[in-house]
Amino acid sequence: MKIADAHMNFDQSRLTITFGAEEQIDFRVLIGELGSALGYRVELHQLRYRDVAKLVGGLGKCGEEAGV
């Protein structure tokens with residue numbers, strides 16, 4: 001798992017975390033524990049590594065700049 005982005009809602013009621021992973025990961029228990037510990041809703045959005053490279057502006061497998 002590689003965290004690519006995190007955003008807090010304007011009214012600070014929700015934290016959205018975008019991460020990359022090749023396989024499907026089940027974080028239901030982690031989301032519940034984080035939400036109760038932090039006091040707001042936590043959402044996790046999974047992307048494939050190629051989409052994460054586009055998001056953070058890295059290099060793709062072909063060697064070209066991703067997201068162009």
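A: Let us begin with a pair of charged side chains. Aspartate 26 and arginine 28 form a salt bridge, with 2.8 Å between the closest N and O atoms. The term denotes a side-chain nitrogen of Lys or Arg within 4 Å of a carboxyl oxygen of Asp or Glu. This is a predicted model, in which local features need pLDDT of at least 70 and side-chain atom pairs count only at pLDDT 80 or more, while totals for chains, interfaces and linings use all residues. Residues are numbered from 1 along each chain as its sequence is written, and side-chain values use heavy atoms, with hydrogens and water left out.

Q: Are aspartate 26 and arginine 28 buried or exposed?

A: Burial is read from relative accessible area: buried means under 20%, exposed over 50%, and partly exposed in between (1.4 Å probe, protein chains only). Aspartate 26 and arginine 28 are both exposed.

Q: How many salt bridges are there by this rule?

A: The count comes to 3 salt bridges. One of them links arginine 14 to glutamate 43, whose closest N and O atoms are 3.9 Å apart. Because arginine 14 lies in strand β2 and glutamate 43 in strand β3, this pair ties together parts that are 29 residues apart in sequence. Arginine 41 also meets glutamate 43 in a salt bridge, at 3.3 Å from N to O. Through shared partners, Arg14, Arg41 and Glu43 are joined into one network. Within it, glutamate 43 is buried at 18% relative accessibility, arginine 14 is partly exposed at 31%, and arginine 41 is exposed at 53%.

Q: How many bridges join β2 to strand β3?

A: Strands are DSSP runs of E with at least two residues, helices are runs of H or I with at least four, and both are numbered from the N terminus. Two strands pair if DSSP finds at least two bridges between them. Here 7 bridges join β2 to β3 (residues 41-47), and the two strands run parallel. Arginine 14 has arginine 41 as its bridge partner in β3. From β2 the chain passes through α1 to β3 in a right-handed β-α-β crossover. Right-handed means that, with the strands pointing away from the viewer, the path from the first strand over the helix to the second runs clockwise.

Q: Which residues form an aromatic pair, and what is its geometry?

A: A pair of aromatic rings is described by the distance of the centres and the angle of the planes. Rings of Phe, Tyr and Trp (its six-membered ring) pair if their centres lie within 6.5 Å; planes under 30 degrees apart count as stacked, over 60 as edge-to-face and the rest as tilted. The structure holds 1 aromatic pair. Phenylalanine 19 and phenylalanine 27 form it, edge-to-face, with 5.6 Å from centre to centre and 85° between the planes. Phenylalanine 19 is buried at 2% relative accessibility, and phenylalanine 27 is buried at 18%.

Q: Where is valine 52 found?

A: Valine 52 belongs to helix α2 (residues 49-56). With a relative accessibility of 2%, valine 52 counts as buried. Sequence separation and spatial distance are read side by side: valine 52 and isoleucine 3 are 49 residues apart in sequence and 8.8 Å apart in space, C-alpha to C-alpha.
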